[in-house]
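Student: Hi! I have a new structure open and would like a guided tour. Could you walk me through it?

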Amino acid sequence: MGNLTATRPLQPWTAPTASDPVAATLRLPGSKSMTARALVLSALASGPSTLSGPLRARDTELMAAGLRAMGAHMSISDDDRWLVRPHRLVGPAHVDVGLAGTVMRFVPPVAGLADGRITFDGDPHARTRPLGPLIGALRSLGVRIDVAGADSLPLTVHGAGRVAGGEVVIDASASSQLVSGLLLAAPRFDRGVVVRHVGPPVPSAPHLRMTVQMLRAAGAAVDDTVPDVWAVEPGPLTGRGWEIEPDLSGAVPFFAAALVTGGEVTLQGWPHSSAQPVERLRTLLQRMGGEVTLSTAGLTVRGTGTVHGLEADLSDVSELTPALTALAMLADSPSRFTGVAHIRGHETDRIAALAREFAALGADLTESRDGLEIRPRPLRGGTFQTYADHRMAHAAAVAGLAVPGIEVDDVGCTSKTMPEFPALWSAMVTGKS
């Protein structure tokens, strides 16, 4: 297993066990991915923009703070509607990335457009997340970057007020964010950008499609017709209103609760045309025993109380791995998940962390280079370490529905993407809002 560092606050959170099928209708916070992209595009636009239904959480507040530090005007006091007014980007400024992959990969290309020195650093584990391909790509496009040690944080971008742009080759097999970061800022580059990926497949393809879709919505010309090549023409971005969808990744633990308990969970406010991989999620949950429907009421998942094992390549929806692993622990047959080697470089080494923590609860599972094999058997209660990773807390909560006595060492880490998670989860399980 990879190197893992756990921290344990004084008060663990006991994951509530469900005595009855859950029946809940929820309105969850906005998509982290959409909120982050909308903030960047709005900061680079030629006029003001609004974000309706954005996600207020640590990652998105760090994104807004980083862009504000360089000069963009951000009004985010209203939880339901944020206003962004673009302004000349200048340094000196410091950007705290926390543990947010979006901030550490989307903001350095923007910093190249600023006039002055922009420094970046974050939480200790952020210094282990892969940035080398992005640093190399930006340097080849004319951006001066100083890195203290290896190709990771902390780093300094010496913005010249402009980026030449052009063609760049990158290995983005560690994260699709390495491509998205270049594309989002590219319309403001003198020559735009042509990004060519060379290497193993880029994971999380739906996130790249979201980037392209949102760029086009802001007025950018993007050509993604050639596989692994993305071309963005130089030109202005238009300020606009962004309607942020509910966060699909954040909804998955709640949908999993419907399968585990034989209940029903509806996510309100779900659009009929989505930028997130809802069809892929529908297929996975149906194969595990759920029924997924979309209606005017929202996106609804129903369970029978029986969970089926699943063999699946999750490379395109790797964020779902922790919650699906917890579901697989409670299934009636074995599961095998592959294609997620890159999640070893997320907030923690998620493959190693899931293997270690579920094994400590009595699980029979095997860790592979790019995934997990799970052979269900009864679990016992115990302390579940999160390693400051919100998705680990989600996995523990799902398992706790059927296994009494699972104590989550740091449920507060869910504030990264959903500060309301503990309260929403407990209300769903107990039926008390």
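Tutor: Happy to; we'll go from the overall build to helices, sheets and a few loops.

Student: What kind of model is this, and how are residues numbered?

Tutor: This is a predicted model, where local features need pLDDT of at least 70 and side-chain atom pairs count only at pLDDT 80 or more, while totals for chains, interfaces and linings use all residues. Residues are numbered from 1 along each chain as its sequence is written, and side-chain values use heavy atoms, with hydrogens and water left out.

Student: How many helices and strands does the protein have?

Tutor: There are twelve helices and 23 strands. Both are DSSP runs numbered from the N terminus, with helices (H or I) of at least four residues and strands (E) of at least two.

Student: And why is it called as compact as a globular protein of that length?

Tutor: Its radius of gyration is 21 Å, close to the 22 Å from the globule rule for 433 residues, so the protein is as compact as a globular protein of that length. The radius is taken over C-alpha atoms, and the rule is 2.2 Å times the number of residues to the power 0.38. Along the principal axes, the C-alpha trace spans about 60 × 45 × 45 Å.

Student: Let's do helices. How do α1 and α2 pack?

Tutor: Helix α1 (residues 32–43) packs on α2 at an angle of about 10°, and their axes are 10 Å apart. Axes are lines fitted to C-alpha atoms, for helices over the stretch in contact, and angles run from 0 to 180 degrees between N-to-C directions. The two helices are therefore roughly parallel to each other. That label covers angles under 35 degrees; over 145 is roughly antiparallel, 65 to 115 roughly perpendicular, and the rest oblique.

Student: Which residues make the contact?

Tutor: From α1 they are Lys32, Thr35, Ala36, Leu39, Val40 and Ala43, and from α2 Asp59, Thr60, Met63, Ala64 and Leu67. Contact means heavy atoms within 4.5 Å. By class, the residues of this contact are seven nonpolar, two polar and two charged. Here Ala, Val, Leu, Ile, Met, Phe, Trp, Tyr, Cys and Pro count as nonpolar, Asp, Glu, Lys and Arg as charged, and the others, Gly among them, as polar.

Student: What about α2 and α3?

Tutor: Helix α2 (residues 58–69) and helix α3 (residues 101–111) pack at about 15°, with axes 10 Å apart. That makes α2 roughly parallel to α3. In this contact, Asp59, Leu62, Met63 and Leu67 of α2 meet Thr102, Val103, Phe106, Val107 and Val110 of α3. The classes here are seven nonpolar, one polar and one charged.

Student: Now sheets. In what order do β18, β19, β20 and β21 sit?

Tutor: These four strands form an open sheet in the order β18-β19-β21-β20, with mixed pairing. Strands pair if DSSP finds at least two bridges between them. At the edges stand β18 (311–313) and β20 (364–368), each with a single partner strand, so one side of each has no neighbour in the sheet. Neighbouring strands are turned by 10° against each other on average, direction ignored.

Student: How do β18 and β19 pair?

Tutor: β18 pairs with β19 (residues 335–338) in the parallel sense over three bridges. In β19, Arg336 is the bridge partner of Glu311.

Student: Which helix lies across β20 and β21?

Tutor: Helix α10 (residues 350–360) lies across β20 and β21 (371–375), and runs at about 165° to β20.

Student: What does β15 pair with?

Tutor: Strand β15 (residues 264–267) pairs with β2 (residues 23–26) in the parallel sense over four bridges. Leu267 in β15 is the bridge partner of Leu26. With β17 (residues 298–302), β15 pairs in the antiparallel sense over four bridges. There, Val301 in β17 is the bridge partner of Val265.

Student: Last topic: loops. Where are the cis peptide bonds?

Tutor: The peptide bond from Gly91 to Pro92 is cis, with omega near 0°. Pro92 sits in the loop between β5 (81–85) and β6 (93–96). Another cis bond joins Leu153 and Pro154, with omega about -5°. Pro154 lies in the loop between β8 (144–147) and β9 (155–160).

Student: And what is phi of Asp228?

Tutor: Phi of Asp228 is near 65°, a positive value in a residue other than glycine. You'll find Asp228 in the loop between β12 (222–223) and β13 (229–232).
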